[in-house]
Amino acid sequence: MSKTLRNIFLGLMALLMGGPLVVVCGVSLNAKKRLFFPPEGLSLRWYMELLTENSWLIPVKNSLTIAFTSSLLALSIALPLAYFLWRYRVFYARVLFTLGISPFILPPVITALGFLSFWVTIGLYGQIYATIISHGVFFVTLPLVTISLGFESIDHEIVEAAETMGANPGTVFRTVIFPMVRPYMISGYAFAFVLSLNEYIVAYMVAGFTVETLPIKIFNALRYGYTPVMAAVTVVFVLLAALIFGLIGRFGDLPKLLGALNPEEK
Amino acid sequence: MIGEKPKDLRAHLPLAYPALMLAIFFIVPFGLMAAVSFFHRQPGGFYIPAFELANYQNLYTALFGRTLVFSLFIAGLSAAVCVCIGFPFTYFITRMKRRSQVVWLVLLMSVLSLSEVIIGFAWSLLLSRTAGLSNLLVWIGLIERPVAWYPGFAALLFGICYLAFPYTVLVLYPPLSRLDPALPEAAQTLGASPLRTFFTVVVGSLRNAIVAAFVMVFVFTLGAYLLPQILGRPRHWTLSVLITDAAIYQTNMPLAAAMAIFFMAVSLVLVAITMTVGKGKNIKTA
């Protein structure tokens, strides 16, 4: 394929993907309380409002709390499961693995409705714990997949060498296996964190009226009167996501995490 | 030691906690939802345990049928668009140097992590009269005054494609990056043009991966919930919107559950197709 055509195509895609971000960024700098692009007058007042107004600070705090704890929960479920799956080959671990990735295969509204019936039944509907646990289970997929990749990358001979030298299973795990899997745990956690931060429907169904997360707040703001704060908060969150993935790309093996077999050769 | 059968009950210990968590917080909610779909609804939003098919019979309405057909239609259309654009795009990325690959992947992951509400907001701005692209066209002199391009079907289709595109690339990335570079090289050495090589060798040897990706993206776009409400008109609302509406605003959980179960059955059939296709014969790619 001709190089020029290829570059035009790629440039167009970059423009399409980045375009909305540029516009949102421009709108967030408007001086007046209107959504103009290009912005009329430049000011950072909407960013200030984001940092001072409680109506925005509370959703930000909720979202960060939920993302932080629920990804930890997802990680704690995924790690032993991935370990067992790698260590032993038995069918019931496969069943659990399929179970762990199914929230990502089914349309999310179905999982969300399941969570809703569950929390209503046990009486925790509307509590932040409900959102945290729901997200934790909903996002198990991400650390499960990355950590499984990590285990698969471990050379069996290293583990066998440690055992031959007399290390017991606990020591092997602590000193050999864990350090090798750690980068994959971190990226799995980061993926779950970023996606939890931006998740709408589960959070809305489980506690949308009492625990307002940022996506819920933005959607409400979109329906009941626009404000450039929406754009400001969007910019902050996009930058956060780009920073996290940029760090993974810088310090981790992003191509391999996403399923490339041998990216080092290029 | 790796890959053996667990020796005794103690070896199963690491499995206990994940199994318990997934059972309590995933299987039980699902079973509960399935049960609720057979419950009897009482006026005022409550429901009592029962076993009746009334909720499923209530699905048989023009609105549900139309919404289901429209959801499947727009999901299929956007999945087709995404795969057609995403396939050559992913191919180009996988042929790049590692460093440029990482840059593109970071951009893709950042767009992937965008919430539907943010995507909807950004495109509603871009397609709006006051802040949109039409102002640019006015400035160039192509049209006389700015116009609003949303809400509407085209805006919705565009938004859903934007939402699903990074996901499409991530689904296509593993098979494409594992494609042996010797294959296209061999074709070109034998005299095939680059375009012909792409369509016969690259597309041909990954046909199964493409079908599998199409079905995955199709199911993914079925889940679009906010975009139809932001970029579409009420007649463009999808099943996800209808289910949430029934559950939250009409507080008719049994009906919502019945819709969700029906919806899941449709999705599961599609996932089953993916699995069958994925297991099919494929030219060696790794």
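**Exercise 1.** What percentage of the contacts in chain A with a separation of 6 or more comes from residues 24 or more positions apart?

*Solution.* Start with the term: a contact means heavy atoms within 4.5 Å. Residues 24 or more positions apart account for 70% of these contacts in chain A.

The model is predicted: local features need pLDDT of at least 70, side-chain atom pairs count only at pLDDT 80 or more, and totals for chains, interfaces and linings use all residues. Residues are numbered from 1 along each chain as its sequence is written, chains are lettered from A and ligands numbered from 1 in the order in which they are written, and side-chain values use heavy atoms, leaving out hydrogens and water.

**Exercise 2.** Describe helix 1 of chain A.

*Solution.* Take the definition: helices are DSSP runs (H or I, at least four residues), numbered from the N terminus. Helix 1 covers residues 3-27 of chain A. Its span is 35 Å from first C-alpha to last, close to the expected 36 Å (1.5 Å times one less than the number of residues). Next, find the kink. It is about 40 degrees, at A:Gly18, shortly before A:Pro20. The angle is taken between axes fitted to the seven residues ending there and the seven starting there. Now check burial (under 20% relative accessible area, 1.4 Å probe, protein chains only). A:Gly18 and A:Pro20 are among the buried residues. The cover includes helix 12 of chain A and helix 3 of chain B.

**Exercise 3.** Describe the interface of chains A and B.

*Solution.* Count first: 92 residues of chain B contact 93 of chain A. Then take the buried area (accessible area lost on being put together, 1.4 Å probe, summed over both parts). It is about 8500 Å², with 79% from carbon and sulfur atoms. Helix 1 of chain B gives the most to its side, with 16 residues.

Conventions:
Helix = DSSP H or I, 4+ residues; strand = E, 2+ residues; numbered from the N terminus. Buried < 20%, exposed > 50% of the residue type's maximum accessible area, 1.4 Å probe, protein only. Buried area = accessible area lost by both parts, 1.4 Å probe.
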